[in-house]
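Take a look at the sequence and the model below. The text then walks through them, one part at a time.

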Amino acid sequence: MQPDIIIADDHSMIRKGMKLLLRSQLHCKNVTEVNSCNGLMIELKNGPCSHLILDMIFSDGTALEIVPTIRKLYPDLKIMIFSMQLSEVYADAFKQYNIHYYLNKSQEEDKSLQYIQRFLNDEPAPAGDVDELVQKNPFTILAPRELEILHYLLNGHHTNDIANTLNLSTSTISTVKKRIFDKTETESITQLLELALLYNISF
Amino acid sequence: MFFAAEGDTTLNWVIIGVLSVAVIVAGYFIVRFVVKQVVVKQKIFRLLLERKAREIHLKNEALEKSNMIQTRLISIISHDIISPLRFIHISSKNLIDGKNEDSREMQEEMLAEISHTSKELELLSTNIMNWIKYQNENRRMIKEQFDLHQMANQIFGIFQGLARQKNITFKNEVNTGSILYQYMEPVKIVLYNLILNALNFTEQGCITISGGESKKGILIKVKDEGKGMTKDQIDNVMSEHFIVSSANVDKRKGHGLGYLIIKDMLKFVDAKFVIKSKPGQGTSVTIFLPS
């Protein structure tokens with residue numbers, strides 16, 4: 001059976017490149033492209049798909065924000081996160097939504113293809129190597145909600161804006177913000193930015 | 001004699017008394033004067049100290065901002081330059097290896113995407129370079145003579161391809177032969193970014209540059225017929241703390257680098273700018289360069 005794939009990514013070059021790979025290397029013909037969270041939700045509503053390849057950061061939100069809704073509406077949809085972000089920091093946050101595939105965009109082409117093949121065949125995701133350096137990344141201990149808010153903090157948004165965007169109260173945002181500072185042992189956004197840069201968290 | 005002597009003594013006492021009172025009064029005034037001097041000096045010192053503290057605070061803020069911008073740039077380079085480049089490479093390699101089964105249509109789609117993306121990468125890299133070039137505060141700048149009409153045409157030339165794809169026309173309303181005496185490169189970088197913004201946020205229509213010399217300086221206006229901006233978006237761009245806007249218009253992702261550079265450049269040349277816009281009714285940006 002041919003899988004029905006949606007690629008959600010905000011860069012058209014990456015969508016087209018993936019589509020080409022899927023077609024020419026993995027012989028998948030049914031590939032749809034979407035470029036935003038909103039676009040993805042509309043596309044999912046329009047018709048069934050079997051597999052979703054999902055980037056993390058979009059112009060209108062992040063994958064962390066829409067995954068809970070997607071899971072609720074489409075519990076059987078197979079999802080793979082495809083992002084520049086480090087899997088050791090973010091992969092765990094997605095596991096609680098039953099998403100076990102996480103492919104880094106900087107992975108070599110051959111390995112990426114193998115990984116996608118396994119994803120499309122519904123074979124279990126290969127276990128990632130546990131690296132000692134990885135465990136030292138201070139961002140790995142952040143909870144999903146904290147990672148979600150971290151993204152907006154690093155982008156220079158104020159507490160009020162974040163509360164509006166995520167539909168949460170300002171006091172919740174302040175609490176989470178404080179927890180992020182505590183967990184990463186930072187005291188200001190500037191320090192948080194430096195740390196993010198050091199540990200390759202892009203935003 | 002005794003009496004007189006006694007009178008003398010009394011007089012002496014009186015004189016001594018008057019003298020001591022005079023000395024005390026004089027002393028009091030001297031002490032008061034000195035204290036006052038010290039207080040004034042202290043006040044001056046405190047003011048100086050406060051001023052220095054303010055200066056340091058401002059410097060610190062500027063430094064922090066510049067740091068933030070640099071961090072932001074690194075993120076833009078990784079997200080918007082490196083990963084698209086990777087996929088240009090992967091895709092073109094796949095096209096070359098092409099196991100003829102890719103349809104001709106697919107190949108054409110890929111080539112169009114590669115050509116489009118590489119152009120965007122060129123524009124983005126140019127802009128990052130522009131910004132870095134002017135980060136050195138001690139950079140010497142000189143005013144030059146240049147033709148604004150020609151400059152507008154030159155910048156339109158850079159974007160001709162993009163404009164044609166989107167059915168956008170350019171109109172140069174600057175009088176031919178408008179010779180200006182100004183900092184040429186900053187003006188050019190600002191216009192480049194204003195036109196790039198206009199292009200990104202316009203689906204179809206016309207982008208116009210107009211302007212020329214007035215009594216007090218130079219006015220240049222870039223006008224588009226695009227999506228326009230809300231008041232909040234304008235306030236955000238104008239705000240002192242504007243780092244990067246995450247304001248998005250449809251498919252375009254604005255990383256706000258454009259306005260960051262525009263504001264930086266205008267500060268260098270002591271210029272001001274005004275944005276006039278309403279959602280759906282296009283945007284016009286006017287810059288004023290004092291002579």
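Over residues 12–35 of chain B, what percentage of the chain is helix, and how far apart are the end C-alpha atoms? The stretch is 100% helix and 0% strand, and its end C-alpha atoms are 34 Å apart. Helices (H or I, at least four residues) and strands (E, at least two) are DSSP runs, numbered from the N terminus. An unreviewed UniProt entry annotates residues 12–35 of chain B as "transmembrane region"; such annotations may be inferred rather than shown by experiment.

This is a predicted model: local features need pLDDT of at least 70, side-chain atom pairs count only at pLDDT 80 or more, and totals for chains, interfaces and linings use all residues. Residues are numbered from 1 along each chain as its sequence is written, chains are lettered from A and ligands numbered from 1 in the order in which they are written, and side-chain values use heavy atoms, leaving out hydrogens and water.

Now turn to chain A. Five of its strands form an open sheet in the order 2-1-3-6-7, with parallel pairing (two strands pair if DSSP finds at least two bridges between them). Strand 2 (31–34) and strand 7 stand at the edges with a single partner strand each, so one side of each has no neighbour in the sheet. From one strand to the next, the twist averages 20 degrees. Strands 6 and 7 of chain A pair over four bridges. Phe82(A) has Leu103(A), in strand 7, as its bridge partner.

Next, helix 4 (residues 87–95) of chain A. Its buried residues (under 20% relative accessible area, 1.4 Å probe, protein chains only) include Val89(A), Tyr90(A) and Phe94(A). The buried residues of this helix pack against helix 3 (63–73), strand 6 (78–83), strand 7 (101–104) and helix 7 (144–154) of chain A, where contact means heavy atoms within 4.5 Å.

Key:
Buried means under 20% relative accessible area, exposed over 50%, partly exposed in between (1.4 Å probe, protein chains only). Axes are lines fitted to C-alpha atoms, for helices over the stretch in contact, and angles run from 0 to 180 degrees between N-to-C directions.
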